[in-house]
Amino acid sequence: MKSICFVTTGDIKDIATAKRALGLANPLTELGWQVSIIMEDTEENRHRVSLECGDGIKVFFLSYTSAWDERRKKTSLLAQIKPDYVYLCAFVFRNIVRTRFQCKRLVEHSELQSAIRDVKWWRRFYVLLNEYYSIIYSDGILNASRYLQRIYTQRANSFWHTHKPMLYLPYAYQGTICRISSKPKEFVLTKGKNDIYITYLGSLSKAYRSMDIVKACQKINDLPIKVLLLGRGDDFFRIKQYVADHLFQDKVWMPGYVNEEEITTYFSMTDVFVLPMNDTIQDWARCPSKLYMYLPYKKPIITSKVGEPYEVLRDEGVYYQPGSVESLADAIRMAIAKQKITIEADAYEWRQRALDFDAWIRDTFV
């Protein structure tokens, strides 16, 4: 029996990389793997594990006093577990553990931090060095986007001058969660016969231009549109104030962070999903996990022809020009007319990702 330990960092409410561990855990167990997960001891992490992990999965909840303490405790615990494969869900300082036992070290990349422009040069340089170090450190690399797969293949070939095993493995959706419907507290929404619900789930941030969704819907005065903005972020209160200033409260619902098991309640009311993307290296490289959560509901998805959303949706997507409120408003109208998509969501469930991962391990290391 093969064994694997996923090493995660932070609270899943704020850092989504742990979704990989929780998503793959059950299907890998069904494929005969012995699965362990190391997670920070937080209320939300424990809650999500109780929802998503079967009894056969060993989850170790740890508390830390510092980044050094976190790395030390993870290293010590791994020495006791001694898995065949150590899977780092993010190659950050807190996760770069020592492995003084025989194992394969797998590193996942889900973004390209060195491409983020609004940070100091020395920070970007440090991150760039860290990204190259991941090639040296790892026995295999998993990339969550096509863009990252190309970048790390090029880097390995030019810098390390050798073949480095890599797998393109995007995020996916958790089928079990989609079947859970827990009504949120203080839920007062009702859907009228003609109401059209436009939904965005994710960080309400300036970087993702979440405000544009509200402004675009403002431009559509002839349709009974309601907007669901599910999540928090650095732009949450600015958007909320904008909605109040423009007397748009009866059109926009902003409940803040939504528990995973409550999402189905909102998504079942949805007519159109929105997934904003910018034409930046950062967005070309990232893999928005919300895309896969939208797919099972068969509703039109508005996004841009950037990165993973276009890789998945192709002709099924409804696209707008990044940064253009007018283009987004036009796309909303087109999506409402489209009514549904025909993509088979099963190919984007974690069970399929586990099959792909298991096959790659057998072909590469066994």
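Reader: Where is the place of Met277?

Author: Met277 lies in the loop between β11 and α10 (281-285). Such names follow a rule: helices (H or I, at least four residues) and strands (E, at least two) are DSSP runs, numbered from the N terminus. Please note that this is a predicted model, in which local features need pLDDT of at least 70 and side-chain atom pairs count only at pLDDT 80 or more, whereas totals for chains, interfaces and linings use all residues. Residues are numbered from 1 along each chain as its sequence is written, and side-chain values use heavy atoms, with hydrogens and water left out.

Reader: Is Met277 buried or exposed?

Author: Buried means under 20% relative accessible area, exposed over 50%, and partly exposed in between (1.4 Å probe, protein chains only). Met277 counts as buried because its relative accessibility is 0%.

Reader: With which residues is Met277 in contact, leaving aside its neighbours within four places in sequence?

Author: Contact means heavy atoms within 4.5 Å. On that basis, the partners of Met277 beyond four places in sequence are Asp283, Arg286, Pro288, Thr303, Ser304, Val306, Pro309, Tyr320 and Pro322.

Reader: How should I read a pair of packed helices?

Author: Two packed helices are described by the angle between their axes and the distance between the axes. Axes are lines fitted to C-alpha atoms, for helices over the stretch in contact, and angles run from 0 to 180 degrees between N-to-C directions. Here, helix α1 (residues 19-30) and helix α14 (residues 350-364) pack at about 70°, and their axes are 8 Å apart. That angle makes α1 roughly perpendicular to α14; angles under 35 degrees count as roughly parallel, over 145 as roughly antiparallel, 65 to 115 as roughly perpendicular and the rest as oblique.

Reader: Which residues of α1 and α14 meet?

Author: From α1 come Lys19, Arg20, Gly23, Leu24, Pro27, Leu28 and Glu30, and from α14 come Trp350, Arg351, Arg353, Ala354 and Phe357. By class, this contact of α1 with α14 has six nonpolar, one polar and five charged residues. Ala, Val, Leu, Ile, Met, Phe, Trp, Tyr, Cys and Pro count as nonpolar, Asp, Glu, Lys and Arg as charged, and the others, Gly among them, as polar.

Reader: How many residues of α1 are buried?

Author: Nine of the 12 residues of α1 are buried, so α1 is largely enclosed by the rest of the structure. Among them are Ala21, Leu22 and Ala25. Just after α1, Gly32 takes a positive phi of about 100°.

Reader: How should I read a sheet?

Author: Strands of a sheet pair through backbone hydrogen bonds, either parallel or antiparallel. Two strands count as paired if DSSP finds at least two bridges between them. In this model, an open sheet of six strands has the order β10-β9-β8-β11-β12-β13, with parallel pairing. β10 (252-256) and β13 (318-319) stand at the edges, each with a single partner strand, so one side of each is left without a neighbour in the sheet. Strand β12 (residues 301-303) and β13 run parallel and are joined by two bridges, and Ile302 has Val318 in β13 as its bridge partner.

Reader: Which strands does helix α7 lie across?

Author: Helix α7 (residues 211-218) lies across β8 (196-201), β9 (225-230), β10 and β11 (272-274), and runs at about 175° to β9.
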